[in-house]
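Biologist: Could you give me a close look at a single part of this model, and then tell me what lies elsewhere along the chain?

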Amino acid sequence: AIEQNAFNPEYYIKRAAAQIKLANYKDACTDASVAVDLDPKNYKAHLRKGIAYFHAQDFKAAKESLEKGLECENDNKDLKSWLEKCKSKLPAGTHQQRQSKQCSARVYKHVYDWYQTETHVVVSVMIKNSKQEDVYIEYGDQHLSVTVRLPSGNDYSLELDLAHPVSPSQCKTKILSTKIELKIKKLEAIRWSSLETDHNVTKPAVKFPQQNATADPHQYPSSRHVVKDWDKLAAEVAKEDEAEKQEGEAALNQLFQKIYGEGSDEVKQAMNKSFIESGGTVLSTNWAEVGKEKVEVKPPDGMEWKEWEH
(Lines give C-alpha, C1' and ligand atoms only; values in the text may rest on other atoms or scores of the structure.)
Protein backbone atom coordinates (compact mmCIF):
# COMPACT_ATOMS: atom_id res chain seq x y z
CA ALA A 1 0.00 0.00 0.00
CA ILE A 2 2.84 2.42 0.84
CA GLU A 3 4.43 1.70 -2.53
CA GLN A 4 1.22 2.83 -4.23
CA ASN A 5 0.60 5.85 -1.99
CA ALA A 6 3.63 7.13 -0.09
CA PHE A 7 1.74 10.19 1.20
CA ASN A 8 -1.01 8.47 3.20
CA PRO A 9 -0.19 8.67 6.95
CA GLU A 10 -2.63 5.85 7.80
CA TYR A 11 -0.42 3.30 6.07
CA TYR A 12 2.59 4.31 8.17
CA ILE A 13 0.45 4.29 11.35
CA LYS A 14 -0.71 0.73 10.65
CA ARG A 15 2.79 -0.45 9.81
CA ALA A 16 4.12 1.19 13.00
CA ALA A 17 1.54 -0.80 15.00
CA ALA A 18 2.71 -4.01 13.30
CA GLN A 19 6.35 -3.17 14.02
CA ILE A 20 5.54 -2.62 17.71
CA LYS A 21 3.95 -6.08 17.90
CA LEU A 22 7.08 -7.54 16.33
CA ALA A 23 9.25 -5.62 18.83
CA ASN A 24 10.89 -3.69 15.97
CA TYR A 25 10.80 -0.43 17.91
CA LYS A 26 13.35 1.39 15.76
CA ASP A 27 11.27 0.79 12.62
CA ALA A 28 8.10 1.68 14.52
CA CYS A 29 9.64 5.01 15.56
CA THR A 30 10.59 5.71 11.95
CA ASP A 31 7.13 4.92 10.54
CA ALA A 32 5.34 6.88 13.27
CA SER A 33 7.63 9.88 12.71
CA VAL A 34 6.79 9.83 8.99
CA ALA A 35 3.07 9.75 9.81
CA VAL A 36 3.46 12.76 12.13
CA ASP A 37 5.32 14.67 9.41
CA LEU A 38 2.54 13.92 6.92
CA ASP A 39 -0.31 14.75 9.32
CA PRO A 40 0.76 16.57 12.53
CA LYS A 41 -2.86 16.64 13.79
CA ASN A 42 -3.39 12.88 13.61
CA TYR A 43 -3.52 11.70 17.23
CA LYS A 44 -2.98 8.06 16.23
CA ALA A 45 0.40 8.97 14.73
CA HIS A 46 1.48 10.58 18.02
CA LEU A 47 0.11 7.60 19.96
CA ARG A 48 2.09 5.06 17.92
CA LYS A 49 5.19 7.22 18.21
CA GLY A 50 4.76 7.49 21.98
CA ILE A 51 4.25 3.73 22.40
CA ALA A 52 7.33 2.99 20.26
CA TYR A 53 9.47 5.36 22.32
CA PHE A 54 8.09 3.85 25.55
CA HIS A 55 9.13 0.32 24.56
CA ALA A 56 12.52 1.68 23.46
CA GLN A 57 12.95 2.95 27.05
CA ASP A 58 12.94 6.60 25.90
CA PHE A 59 10.27 7.72 28.34
CA LYS A 60 10.85 11.46 28.01
CA ALA A 61 10.38 11.32 24.22
CA ALA A 62 7.35 9.07 24.69
CA LYS A 63 5.80 11.57 27.11
CA GLU A 64 6.34 14.43 24.65
CA SER A 65 4.71 12.50 21.80
CA LEU A 66 1.71 11.47 23.89
CA GLU A 67 1.20 15.03 25.14
CA LYS A 68 1.18 16.25 21.53
CA GLY A 69 -1.41 13.58 20.77
CA LEU A 70 -3.61 14.87 23.59
CA GLU A 71 -3.43 18.34 22.06
CA CYS A 72 -5.13 16.82 19.02
CA GLU A 73 -7.57 14.53 20.91
CA ASN A 74 -7.73 15.58 24.57
CA ASP A 75 -10.29 12.94 25.65
CA ASN A 76 -8.57 9.90 24.18
CA LYS A 77 -8.29 7.15 26.82
CA ASP A 78 -5.36 5.35 25.18
CA LEU A 79 -3.26 8.51 25.12
CA LYS A 80 -4.05 9.23 28.77
CA SER A 81 -3.30 5.67 29.84
CA TRP A 82 0.09 5.55 28.12
CA LEU A 83 0.94 9.01 29.40
CA GLU A 84 0.37 7.83 32.97
CA LYS A 85 2.69 4.88 32.33
CA CYS A 86 5.38 7.28 31.10
CA LYS A 87 4.99 9.53 34.13
CA SER A 88 5.41 6.54 36.42
CA LYS A 89 8.76 5.88 34.75
CA LEU A 90 9.88 9.50 35.23
CA PRO A 91 10.21 10.27 38.97
CA ALA A 92 9.63 13.91 39.89
CA GLY A 93 12.79 16.00 39.67
CA THR A 94 14.61 13.44 37.55
CA HIS A 95 15.74 14.50 34.09
CA GLN A 96 15.32 11.45 31.89
CA GLN A 97 17.96 11.34 29.23
CA ARG A 98 17.07 9.90 25.85
CA GLN A 99 18.34 6.37 25.76
CA SER A 100 17.36 5.41 22.25
CA LYS A 101 19.12 7.68 19.75
CA GLN A 102 18.19 5.27 17.00
CA CYS A 103 14.55 6.35 17.40
CA SER A 104 15.22 10.08 17.11
CA ALA A 105 12.78 11.95 14.92
CA ARG A 106 13.77 12.40 11.31
CA VAL A 107 12.59 14.50 8.43
CA TYR A 108 10.60 12.64 5.79
CA LYS A 109 12.33 12.63 2.45
CA HIS A 110 9.69 13.71 0.00
CA VAL A 111 9.59 12.55 -3.58
CA TYR A 112 11.26 14.72 -6.19
CA ASP A 113 11.66 14.26 -9.92
CA TRP A 114 13.18 16.13 -12.84
CA TYR A 115 13.05 16.54 -16.59
CA GLN A 116 14.87 18.76 -19.07
CA THR A 117 14.41 20.88 -22.15
CA GLU A 118 17.13 22.26 -24.39
CA THR A 119 17.49 25.35 -22.20
CA HIS A 120 16.35 24.31 -18.71
CA VAL A 121 16.31 21.55 -16.11
CA VAL A 122 13.09 21.44 -14.08
CA VAL A 123 13.12 19.86 -10.61
CA SER A 124 9.78 19.21 -8.86
CA VAL A 125 9.73 18.65 -5.08
CA MET A 126 6.40 17.04 -4.16
CA ILE A 127 5.56 19.01 -1.00
CA LYS A 128 2.06 20.47 -1.10
CA ASN A 129 0.64 23.71 0.29
CA SER A 130 4.00 25.26 1.17
CA LYS A 131 4.09 28.91 2.17
CA GLN A 132 6.48 31.40 0.60
CA GLU A 133 8.08 32.21 3.96
CA ASP A 134 8.73 28.50 4.66
CA VAL A 135 10.66 27.86 1.44
CA TYR A 136 14.35 28.75 0.99
CA ILE A 137 16.05 27.98 -2.33
CA GLU A 138 19.70 28.70 -3.13
CA TYR A 139 20.96 28.32 -6.71
CA GLY A 140 24.73 27.97 -7.11
CA ASP A 141 26.90 27.73 -10.22
CA GLN A 142 26.67 23.93 -10.00
CA HIS A 143 24.74 23.35 -6.79
CA LEU A 144 21.12 23.38 -5.64
CA SER A 145 20.06 23.78 -2.01
CA VAL A 146 16.41 23.41 -0.90
CA THR A 147 15.08 23.87 2.64
CA VAL A 148 11.35 23.70 3.43
CA ARG A 149 9.74 24.04 6.86
CA LEU A 150 7.10 21.29 7.17
CA PRO A 151 3.82 21.62 9.12
CA SER A 152 5.31 19.34 11.79
CA GLY A 153 8.02 21.92 12.48
CA ASN A 154 10.78 19.76 10.96
CA ASP A 155 12.89 20.92 8.03
CA TYR A 156 13.04 19.11 4.69
CA SER A 157 16.47 19.49 3.09
CA LEU A 158 17.69 18.66 -0.41
CA GLU A 159 21.31 19.27 -1.44
CA LEU A 160 22.37 18.44 -5.01
CA ASP A 161 25.70 18.80 -6.81
CA LEU A 162 24.41 19.33 -10.33
CA ALA A 163 25.83 17.45 -13.31
CA HIS A 164 26.66 20.64 -15.25
CA PRO A 165 27.06 24.39 -14.61
CA VAL A 166 23.94 26.58 -14.56
CA SER A 167 23.09 30.28 -14.51
CA PRO A 168 21.87 31.11 -10.96
CA SER A 169 20.54 34.56 -11.88
CA GLN A 170 18.20 33.06 -14.50
CA CYS A 171 16.76 30.31 -12.32
CA LYS A 172 13.15 30.61 -11.13
CA THR A 173 11.06 29.10 -8.31
CA LYS A 174 7.30 28.42 -8.39
CA ILE A 175 5.41 27.39 -5.27
CA LEU A 176 2.26 25.56 -6.37
CA SER A 177 -0.51 23.90 -4.36
CA THR A 178 0.89 20.41 -4.96
CA LYS A 179 4.63 20.93 -5.39
CA ILE A 180 7.59 23.29 -5.52
CA GLU A 181 8.91 23.71 -9.06
CA LEU A 182 12.52 24.79 -9.66
CA LYS A 183 13.33 25.93 -13.21
CA ILE A 184 17.11 25.87 -13.60
CA LYS A 185 18.75 27.63 -16.58
CA LYS A 186 21.44 25.64 -18.36
CA LEU A 187 24.66 27.37 -19.43
CA GLU A 188 24.94 25.08 -22.45
CA ALA A 189 22.30 23.48 -24.64
CA ILE A 190 23.46 19.94 -23.87
CA ARG A 191 21.54 16.86 -22.80
CA TRP A 192 22.12 15.94 -19.16
CA SER A 193 22.48 12.18 -18.67
CA SER A 194 21.79 12.62 -14.94
CA LEU A 195 20.73 15.36 -12.54
CA GLU A 196 23.65 14.98 -10.15
CA THR A 197 27.34 14.90 -10.93
CA ASP A 198 29.36 11.71 -10.62
CA HIS A 199 32.86 12.70 -9.49
CA ASN A 200 34.21 9.29 -10.47
CA VAL A 201 32.96 9.28 -14.05
CA THR A 202 33.51 11.86 -16.78
CA LYS A 203 30.85 11.68 -19.48
CA PRO A 204 31.12 13.52 -22.81
CA ALA A 205 28.61 16.31 -23.36
CA VAL A 206 25.85 15.50 -25.85
CA LYS A 207 24.43 18.40 -27.85
CA PHE A 208 20.70 18.61 -28.45
CA PRO A 209 19.72 17.93 -32.10
CA GLN A 210 19.48 21.02 -34.28
CA GLN A 211 15.89 22.11 -34.81
CA ASN A 212 14.22 23.76 -37.76
CA ALA A 213 13.87 27.54 -37.66
CA THR A 214 10.11 27.16 -37.32
CA ALA A 215 10.35 24.74 -34.41
CA ASP A 216 9.60 25.79 -30.84
CA PRO A 217 12.96 26.09 -28.96
CA HIS A 218 11.38 24.61 -25.79
CA GLN A 219 10.59 21.17 -27.13
CA TYR A 220 11.79 17.92 -25.64
CA PRO A 221 13.63 15.72 -28.22
CA SER A 222 12.65 12.07 -28.28
CA SER A 223 13.39 8.99 -30.31
CA ARG A 224 10.07 9.38 -32.12
CA HIS A 225 9.16 11.91 -34.82
CA VAL A 226 6.27 13.14 -32.66
CA VAL A 227 7.58 16.12 -30.64
CA LYS A 228 6.02 17.12 -27.32
CA ASP A 229 6.28 20.58 -25.78
CA TRP A 230 7.21 19.67 -22.20
CA ASP A 231 7.31 23.29 -20.96
CA LYS A 232 3.75 23.75 -22.18
CA LEU A 233 2.71 20.41 -20.66
CA ALA A 234 4.14 21.37 -17.25
CA ALA A 235 2.36 24.74 -17.41
CA GLU A 236 -0.95 23.05 -18.27
CA VAL A 237 -0.65 20.66 -15.33
CA ALA A 238 0.15 23.51 -12.95
CA LYS A 239 -2.82 25.50 -14.28
CA GLU A 240 -5.15 22.52 -13.80
CA ASP A 241 -3.84 22.04 -10.25
CA GLU A 242 -4.71 25.64 -9.40
CA ALA A 243 -8.10 25.62 -11.14
CA GLU A 244 -9.39 22.37 -9.73
CA LYS A 245 -7.61 22.66 -6.35
CA GLN A 246 -6.75 19.01 -6.38
CA GLU A 247 -4.86 17.67 -3.41
CA GLY A 248 -1.70 15.60 -3.02
CA GLU A 249 -2.15 12.16 -4.49
CA ALA A 250 -4.70 13.13 -7.14
CA ALA A 251 -2.47 15.88 -8.53
CA LEU A 252 0.64 13.70 -8.34
CA ASN A 253 -1.07 10.84 -10.16
CA GLN A 254 -2.37 13.24 -12.80
CA LEU A 255 1.13 14.60 -13.39
CA PHE A 256 2.65 11.12 -13.79
CA GLN A 257 -0.25 9.94 -15.97
CA LYS A 258 0.11 13.01 -18.18
CA ILE A 259 3.84 12.50 -18.59
CA TYR A 260 3.35 8.78 -19.28
CA GLY A 261 0.48 9.32 -21.72
CA GLU A 262 2.27 12.02 -23.69
CA GLY A 263 5.77 10.55 -23.36
CA SER A 264 7.88 8.81 -25.96
CA ASP A 265 8.41 5.06 -25.97
CA GLU A 266 11.69 5.64 -24.13
CA VAL A 267 9.97 7.70 -21.42
CA LYS A 268 7.34 4.98 -20.89
CA GLN A 269 10.00 2.24 -20.80
CA ALA A 270 12.02 4.24 -18.28
CA MET A 271 9.01 4.83 -16.00
CA ASN A 272 7.90 1.18 -16.11
CA LYS A 273 11.39 -0.26 -15.64
CA SER A 274 12.43 2.06 -12.81
CA PHE A 275 9.17 1.65 -10.88
CA ILE A 276 9.04 -2.17 -11.13
CA GLU A 277 12.72 -2.92 -10.49
CA SER A 278 12.97 -0.50 -7.55
CA GLY A 279 9.86 -1.81 -5.83
CA GLY A 280 8.05 1.49 -6.33
CA THR A 281 10.78 3.63 -4.70
CA VAL A 282 12.09 5.19 -7.94
CA LEU A 283 10.20 6.72 -10.87
CA SER A 284 12.44 8.03 -13.64
CA THR A 285 11.78 9.31 -17.17
CA ASN A 286 15.42 9.05 -18.22
CA TRP A 287 15.87 5.88 -20.30
CA ALA A 288 19.54 6.69 -20.98
CA GLU A 289 20.16 6.36 -17.23
CA VAL A 290 17.91 3.46 -16.20
CA GLY A 291 18.21 1.41 -19.38
CA LYS A 292 21.85 0.50 -18.76
CA GLU A 293 21.37 -1.63 -15.64
CA LYS A 294 18.89 -2.77 -13.02
CA VAL A 295 17.43 0.08 -10.99
CA GLU A 296 18.33 -0.23 -7.31
CA VAL A 297 15.82 0.05 -4.50
CA LYS A 298 16.07 3.51 -2.89
CA PRO A 299 13.84 3.68 0.20
CA PRO A 300 13.21 7.04 1.91
CA ASP A 301 16.06 8.40 4.01
CA GLY A 302 16.26 6.65 7.37
CA MET A 303 14.20 3.65 6.24
CA GLU A 304 15.28 0.23 4.97
CA TRP A 305 13.77 -2.02 2.32
CA LYS A 306 12.19 -5.27 3.43
CA GLU A 307 10.37 -7.92 1.42
CA TRP A 308 7.17 -8.87 3.20
CA GLU A 309 6.11 -12.51 3.21
CA HIS A 310 2.48 -13.11 2.26
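**The hairpin and its sheet**

Modeller: Tyr139 stands opposite Leu144 in E4. Before we go on, this is a predicted model, in which local features need pLDDT of at least 70 and side-chain atom pairs count only at pLDDT 80 or more, while totals for chains, interfaces and linings use all residues. Residues are numbered from 1 along each chain as its sequence is written, and side-chain values use heavy atoms, with hydrogens and water left out.

Strands (E, at least two residues) and helices (H or I, at least four residues) are DSSP runs numbered from the N terminus. Two strands pair if DSSP finds at least two bridges between them. E3 and strand E4 (residues 143–149) are joined in the antiparallel sense by 5 bridges, and the two form a hairpin with 3 residues between them. In this pairing, Val135 faces Val148 in E4.

Now follow the side chains. In a regular strand they alternate between the two faces of the sheet. Buried means under 20% relative accessible area, exposed over 50%, and partly exposed in between, with a 1.4 Å probe and protein chains only.

Stepping back, 3 strands make an open sheet in the order E3-E4-E5, with antiparallel pairing. Strand E3 (135–139) and strand E5 (155–161) are at its edges with a single partner strand each, so one side of each has no neighbour in the sheet. On average, neighbouring strands of this sheet are turned by 5° against each other, direction ignored; axes are lines fitted to C-alpha atoms (for helices over the stretch in contact), and angles run from 0 to 180 degrees between N-to-C directions.

As for the rest of the chain, Tyr115 lies in strand E1 (residues 112–116) and counts as buried because its relative accessibility is 16%. The C-alpha atoms of Tyr115 and Asn286 are separated by 8.0 Å, although these residues are 171 residues apart along the chain.

Helix H8 (residues 265–277) has 13 residues and should span 18 Å at 1.5 Å a residue, which agrees with the 18 Å between its end C-alpha atoms; the expected span is 1.5 Å times one less than the number of residues. Val267, Ala270, Met271, Lys273 and Ser274 are buried in H8. Gly279, with a positive phi near 70°, follows H8.
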